[in-house]
Structure formats: C-alpha cells, structure tokens
Amino acid sequence: MVFGLMLSRDRWFWAVLAAFLVFTNTRSRGDTAIKALQRSAGTLFGIVVGIALGTAVAGNFYVILPLSAACIFLAFYFLAVSYAAMTFFISIVLSLVYSLMGVLTPHLLQLRLEETLIGSVAGAAVAFLVFPTRTRTTLDAAIKAWCNALMALLEDAKKGTSGLSLIVQSQALDRAYRDLAAAAKPLGASWQLVTRPGHVRQTLAVFMGCTYWARIFARRMPNAADGDTAQFVAEIEKNLETAGKVRETGAAYFYETRQVAAPVERHLPISKDDAQLGQEMISISLERLHVAEGSRLQG
C-alpha cells in the first residue's frame, strides 16, 4: 500500500489487489513466484492488446460489449490452464471499459502495469520472507499423503473389503494425486523448458498411472479377497513403503533422470480379471519410481 500510494494516490489499490491475488491460494514459494510472473506478463501483454483494441473501437458501446463478454468468458475458461491467460483477458476487458468511459490513455495503463509489478513483488516477498514454505517441503507432504491414501486402499482390499468402500478410497487417492500434481507444478517453470519439466512430467505420469490402476483395482475387486490377492497386496505395500522412504524425501523422484524401461521377461497375461491386472500394474508403476542412483540429476 505504501509503495502504491507513492506511485498514485488514486490507483494504489491495484498494487494491494495484485499482492493479495498473487499470494492467495498458493502452496509454496515457487508457486507464488510463478504466479507473480504470470500476473505481470499477462498484464503487460493484455495492456498492449487492450490499447490497440480500445483505440480501434473508440468507445463504441455495441462493439465493446460483446468483446468484453467474450474476453470474460475466455478469462475464466483458461483460468484452470494458465493464470497468465486469465490476467491477459481481464486486462483487455479493463482497457475496453476505460475506452468506453473515455479515460483510456497509455499513461493510465502504464500506471496499472507498474502497480501490478509492485503488488507482485510484495506478494512474492511475503511468500519468501514472512511465510517461507519450500516447494520441496510441500511436495514431500503431498507424496506422503498420496502414499497413505494408496496404503489405506490396499489395506481395505487385503481385509476383503469391496464395493463402495473401496470406491471411496480410490476417490481419496484421486484427490491426493491432484494435490500432488499441484504441488509439483512450480518445478515445471517456463525457464526450465529444456530440462526439468520433462522429468516432472515423467514422474507425474508414473503417479497418475498408479492412481488410474488403483481405481480399476477398487472397482473390480471381488467380494472376498483370496490368499493370492492378500499376498500380492502385501508385496505392493512393501514396495509402497520403500517408495515412501527412499532418499528420505519423496520429492527426490522429481529430480532424477528416467530412462526408457528395458524389456522385461514377464508379460501381462490377457485376462478378464481386471482386479488382478490392476494389482500387477500398480506394482509395475511403483517399481518405475525407483531409478538407479547414478541417473540422479546433478545440481
């Protein structure tokens, strides 16, 4: 607020709003930093396009109204994909509204960009200095929650539970995977397009595949678990327990180089027993998490 007031006595609230929006609903320092960059970039490009559109329509109500409605729709449509895209379209809407009010000037939009930058820096500073939560700490917690959810599902299956109870457990595992994917999102920042996002996507694919086959296993589990099922579930639990303890932090999986799996001698049998196939695929997915020590990324 102080720096916003120093820049403008009338538009200082833009900086406060940017700081609040950048900091809210974030999980870690990296998540906040990326959101701040996305908001700043979206505002910058939105202002450039907004000046061009606002000047072209010159306050024409019948053109501005449908354009604004379309931009608002696109802003919320792309919100789940990119926060920068949402900010881009909202900035265009504001430019069109200022054009309709007859106050659209490059100076006003420049002031909005400057206030947004102040707010973005303030929000990132709060995340890094006041409430510092490391990305790896958040990711470790998310992986542990995912492992616990899968362990709970397997425990119920080993006890012979089936039907709705296992379905509920698989839904909890789905939610845990979504939280895990959100926690890993800062690792795939745009400035790392060449290296790490590839490893992030590969590791997330392993977790996603395991989550998918756990859902199949839960849906096709018979009413009573036989001895083979109980033994197989126990083996999966051992593998899962190892996955949770490896290198002390689960986030280490996202910092490793994964090679294409070598051909194996065993093959999945063609069977109508989806529960057994789900068990097998869960085990294979967990095995894919383990990478040779020498393949770990350096730095």
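Over the face of which ring does Arg-112 lie? Arg-112 is placed over the face of Trp-14, at 5.5 Å from the ring centre; a charge counts as sitting over a ring if NZ of Lys or CZ of Arg is within 6 Å of the ring centre and within 35 degrees of the ring normal. Lys-35 lies over the face of Tyr-83, at 5.0 Å from the ring centre. The structure is a predicted model, in which local features need pLDDT of at least 70 and side-chain atom pairs count only at pLDDT 80 or more, while totals for chains, interfaces and linings use all residues. Residues are numbered from 1 along each chain as its sequence is written, and side-chain values use heavy atoms, with hydrogens and water left out.

A search of the whole structure finds 10 aromatic pairs, where rings of Phe, Tyr and Trp (its six-membered ring) pair if their centres lie within 6.5 Å, and planes under 30 degrees apart count as stacked, over 60 as edge-to-face and the rest as tilted. Among them, Phe-13 and Trp-14 form an edge-to-face pair, with 5.9 Å centre to centre and 65° between the planes. Phe-13 is partly exposed at 36% relative accessible area, whereas Trp-14 is buried at 6% (buried means under 20% relative accessible area, exposed over 50%, partly exposed in between, with a 1.4 Å probe and protein chains only). Trp-146 and Phe-207 also pair edge-to-face, at 4.8 Å and 90°. Because Trp-146 lies in helix α7 (residues 135-158) and Phe-207 in helix α9 (residues 196-220), this pair ties together parts that are 61 residues apart in sequence; helices (H or I, at least four residues) are DSSP runs numbered from the N terminus.

Trp-146 and Phe-207 are also among the residues with the most contacts inside the largest nonpolar core, which has 36 residues. Such a core is a set of buried Ala, Val, Leu, Ile, Met, Phe, Trp, Tyr and Cys residues joined through side-chain atoms within 4.5 Å. Two or more residues come from each of α7, α8 (164-184), α9 and α11 (274-288). A second, separate core of 10 residues includes Tyr-83 and Met-86.

The average pLDDT, the predictor's confidence in each residue from 0 to 100, is 77 for the protein, and 76% of the residues score at least 70. Over residues 190-195 the pLDDT stays under 50. Where pLDDT is low, the predicted coordinates should not be read in detail.

How values were computed
Contact means heavy atoms within 4.5 Å.
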